[in-house]
Structure formats: C-alpha cells, structure tokens
Amino acid sequence: DGAGEGGPSPDMASSRLEKNFLRLLVRCESMAADKRDEKDWRLEKYVEALQEMLTELKKHLSKPAPEVLNEYSRKVEFMKGLLEAEKLPNPSEKALANQLLAPGRTSTTGKERVSATKTVHLQTKARYTGEMRSELLGGPSLSADGSDSGELRKRSGMGDEKQSASELDAVLHHHHNVQERLAEEMLNLARNLKNNTLAAQNVIKQDNQTLTHSLRMADQNFEKLKVESERLEQHTKKSVNWLLWLMLVVVCFMFISMILFIRIFPKLR
C-alpha cells in the first residue's frame, strides 16, 4: 500500500539512530578500556560522532525518554572528559580531572553488572595513581656495575606488599597535602575578598555620609542666602525712598529761595 511505499516510519528511524548510537558508544567504551597508542585518533573522532548523533537524537520526534537521554549525555560527557584528561601535562592533573568525571549509572548493553564507564573510570584512576607514584618515587636508576636496579627490584622485591602499601600511602599523603594546600589558598582568597568587600563598603558608606552632610549644608546656606537677599532688597528700597524725599525737599527749598530772592531784590530799571 501507499503507507508501505513511503519509507520507514519516524519510530523506525529513531530506533535505527538509537541503535547506531548505542553501537558506537559500546565501541568507544571498549576502546577507552583498552590501552591505546597516544597517536591513536580514532576514539576522539568516534566521540565527536557520538555528540552529533546525540544532538540529532534529541531533536527527533520519537526521541527516547528524558532519563534515557540524560544517561546518554552523561556517558558522552564522560568520554569527552576522559579524552581531555589524557591531554593534561602531568599525572596529578590527570588524576584530579579524572576524579571530577561522572561515569554512567547503567550498563549500555544491559549485559554487564557494572557500567562500562564506571569500569573505565576505575581503570584510569588506578593508572593515573600509578603514574603519580612513579613520578613521586622517581624512575629506575642504574646500580654501580651499570645494571638496571629497577629490574633487580622487580625480580627481588616487587611482590613485597608492605613496600607497595607504604608507596601508596606516600602517594595518597602527597595528594592529600596538595588538596589541603589548594583548599587553604582558596580559603585565604575568599577571606581577602571578604575583607576587601567590607573595606569598600565602609568607604562607600563614609562617602555617602559626607555627601549627605554636604547637601544638608548646601541647603542651609541656600536658605540663609535667600533670607539675606530679601533683607538687602528691603534695605535697598528704603534707601531709595529716603534719597527721593531728600531730593524733593532740596528742590522745594531752592524754588522757595528763588521766589524770595526775586521778591526782595526787584529788577533794576
């Protein structure tokens, strides 16, 4: 019929995409668990392909349940973090980055009792711990006769459990000291930031008080200036009035004097 000729349904396409995604994820988990060459680029390309397939799977109409997608995202992010940790320069940084990774909670194939990403997480953690121990205790040295003393130790005392335990304790103690030092530095930074914030707060508060006092004084001076201006204006008006009356009196006196002068001294004929 026409429905059968129209190609696969969206459910079938999503199922096929999810199956391809799971196959590639299982392949990546297997490659991560095995010891790989540093120049092997395949796992990184596979993880990039996983990201693209996961993005496409999230956009699909018949996408899996949200909790399933969250588990897929968790495993892909774990693989990305694992690759980024491998690129770090020294074992201590690798171990710290590996410690921050979050592996998947469930098995990808459903056949394992423990999630493959958890197994990879434990394997890489053990490998980085061994690298830190080797870096802390130093590499194999040569004896006086030129033979490799590391090989002699392997043949004579490699199986000594007490020595291994003491070496592991030394590594853990070193790692613990590094963490304590970092925590102390972060605490000092936080304390300094708090003190600087409080000091800035006090300075701002004092500036606000000074500004408020200055505004209050400016208002008071403005009111005083306004009162003095009114008094000066009234005084100016009074002075003008007295001067006007004085001039009027002088003019009247001169007019009367002229009249009297004309009357007393008549015009000579």
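A salt bridge is taken here as a side-chain nitrogen of Lys or Arg within 4 Å of a carboxyl oxygen of Asp or Glu. The structure above is a predicted model, in which local features need pLDDT of at least 70 and side-chain atom pairs count only at pLDDT 80 or more, while totals for chains, interfaces and linings use all residues. Residues are numbered from 1 along each chain as its sequence is written, and side-chain values use heavy atoms, with hydrogens and water left out.

Confidence comes before detail. The pLDDT, which is the predictor's confidence in each residue on a scale from 0 to 100, has a mean of 77 over the protein chain, and 79% of the residues reach 70 or more. Over residues 1-13 the pLDDT is below 50, and this stretch has 5 contacts in the model beyond near neighbours in sequence, a contact being heavy atoms within 4.5 Å. Residues 140-161 also stay under 50, and for them the model has 16 contacts beyond four places in sequence. Where pLDDT is low, the predicted coordinates should not be read in detail.

Helices here are DSSP runs of H or I with at least four residues, strands are runs of E with at least two, and both are numbered from the N terminus. Helix 4 covers residues 66-86, which makes 21 residues, and reaches 30 Å from its first C-alpha to its last, close to the 30 Å expected at 1.5 Å a residue; the expected span is 1.5 Å times one less than the number of residues. Among its buried residues are L69, Y72, V76, F78, M79, L82 and L83, where buried means under 20% relative accessible area, exposed means over 50%, and partly exposed lies in between (1.4 Å probe, protein chains only).

Side chains of opposite charge can pair when their charged atoms come close. A search of the whole structure finds 3 salt bridges. In one of them, the side chains of E77 and K80 meet at 3.9 Å, N to O; both residues lie in helix 4, 3 residues apart, or about one turn of the helix. E77 is partly exposed at 46% relative accessible area, and K80 is partly exposed at 24%.

Another salt bridge joins E44 and K87 at 3.2 Å, N to O. Because E44 lies in helix 3 (residues 42-59) and K87 in the loop between helix 4 and helix 5 (91-99), the pair ties together parts that are 43 residues apart in sequence. E44 is partly exposed at 32%, whereas K87 is exposed at 58%.

The side chains of E228 and R231 also meet in a salt bridge, at 3.5 Å, N to O. These residues are 3 apart in helix 8 (residues 161-264), and so are separated by about one helical turn. E228 is partly exposed at 44%, and R231 is exposed at 53%.

Leaving aside neighbours within four places in sequence, K94 is in contact with A85, E86, L88, Y128 and E131.
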